[in-house]
Amino acid sequence: MPHSNAASLAIPPGVNSSDPDPEAAIRLSELAAALDHPYQGADVEVAGIAVDSRQVQPGDLFVAQMGERTDGIRFIPEARSRGAVAACSAAPLPDFPTIVA
């Protein structure tokens with residue numbers, strides 16, 4: 001998925017959830033609508049956003065960004081194992097809720 005356009009989501013590098021607030025959770029459909037991007041899969045509750053798979057907290061949406069050396073999509077399995085409930089990537093992911101950006 002070399003055409004990741006996650007930067008269009010205006011998420012600065014290094015932004016990650018630190019202490020998700022359940023009151024601040026948002027449905028994936030609401031987040032996708034606010035960003036004006038489609039989503040596919042289950043309409044899960046998102047508690048935070050992570051751009052580094054090593055810092056994903058349970059309930060986070062993981063933003064798979066295209067980097068200089070690698071595509072963030074490679075880190076989706078790690079993000080899922082750390083509790084990510086959805087991802088943002090250039091294309092829908094099979095069996096995983098995704099905002100397509």
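Which strands do the buried residues of helix 1 pack against? The legends below take up that question and a few others. The model is predicted, so local features need pLDDT of at least 70 and side-chain atom pairs count only at pLDDT 80 or more, while totals for chains, interfaces and linings use all residues. Residues are numbered from 1 along each chain as its sequence is written, and side-chain values use heavy atoms, with hydrogens and water left out.

**View 1. The chain at a glance.**
The chain has two helices and seven strands, where helices (H or I, at least four residues) and strands (E, at least two) are DSSP runs numbered from the N terminus. Followed along the sequence, these elements give the pattern β-α-β-β-β-β-α-β-β. The chain has 101 residues, of which 42% count as buried; buried means under 20% relative accessible area, exposed over 50%, and partly exposed in between (1.4 Å probe, protein chains only). Take the contacts between residues at least 6 apart in sequence: 53% of them join residues at least 24 apart. Contact here means heavy atoms within 4.5 Å.

Helix 1 spans residues 28-35, and its buried residues are Leu28, Leu31 and Ala32. Seen down the helix axis, these buried residues fall within an arc of 100°, so they line one face of helix 1; the arc is that of the directions from the helix axis to the C-beta atoms. On the face turned away from the buried side, look for the exposed residues Ala33 and Ala34. To return to the opening question, the buried residues of helix 1 pack against strand 1, strand 2, strand 3, strand 5 (60-63), strand 6 (86-89) and strand 7 (98-100). Setting aside neighbours within four places in sequence, alanine 32 is in contact with His37, Pro38, Tyr39 and Ile99. Just after helix 1 comes aspartate 36, with a positive phi of about 60°.

**View 2. The nonpolar cores.**
Twelve residues form the largest nonpolar core, among them Leu28, Leu31, Ala32, Val44, Leu61, Cys88 and Ile99. Such a core is a set of buried Ala, Val, Leu, Ile, Met, Phe, Trp, Tyr and Cys residues joined through side-chain atoms within 4.5 Å. Helix 1, strand 5 and strand 6 are the elements that give two or more residues to this core, and the largest share, three residues, comes from helix 1. A second, separate core has eleven residues, including Val56, Ile73, Leu93 and Phe96. As background, in soluble globular proteins, nonpolar side chains tend to be buried together.

**View 3. Alanine 87 and its surroundings.**
Alanine 87 is a residue of strand 6, and it counts as buried because its relative accessibility is 0%. Beyond its neighbours within four places in sequence, alanine 87 is in contact with Leu61, Phe62, Ile76, Leu93, Phe96, Pro97, Thr98 and Ile99.

**View 4. A salt bridge across the sequence.**
Aspartate 43 and arginine 27 join their side chains in a salt bridge (3.6 Å, N to O). The two are 16 residues apart and link distant parts of the chain, with arginine 27 in strand 1 (residues 26-27) and aspartate 43 in the loop between strand 2 (39-40) and strand 3 (45-46). Aspartate 43 is partly exposed at 27% relative accessibility, and arginine 27 is partly exposed at 32%. A network of salt bridges links Arg27, Asp43 and Glu45. A salt bridge is a side-chain nitrogen of Lys or Arg within 4 Å of a carboxyl oxygen of Asp or Glu.

In total the structure holds four salt bridges. In one of them, arginine 54 and aspartate 52 bring their closest N and O atoms to 2.8 Å; arginine 54 is exposed at 57% relative accessibility, whereas aspartate 52 is buried at 17%. Glutamate 78 and arginine 82 form another, with 3.1 Å between the closest N and O atoms. Here glutamate 78 is partly exposed at 26%, and arginine 82 is partly exposed at 38%. Finally, the charged end of arginine 74 sits over the ring of phenylalanine 75, 5.7 Å from the ring centre (the rule asks for NZ of Lys or CZ of Arg within 6 Å of the ring centre and within 35 degrees of the ring normal).
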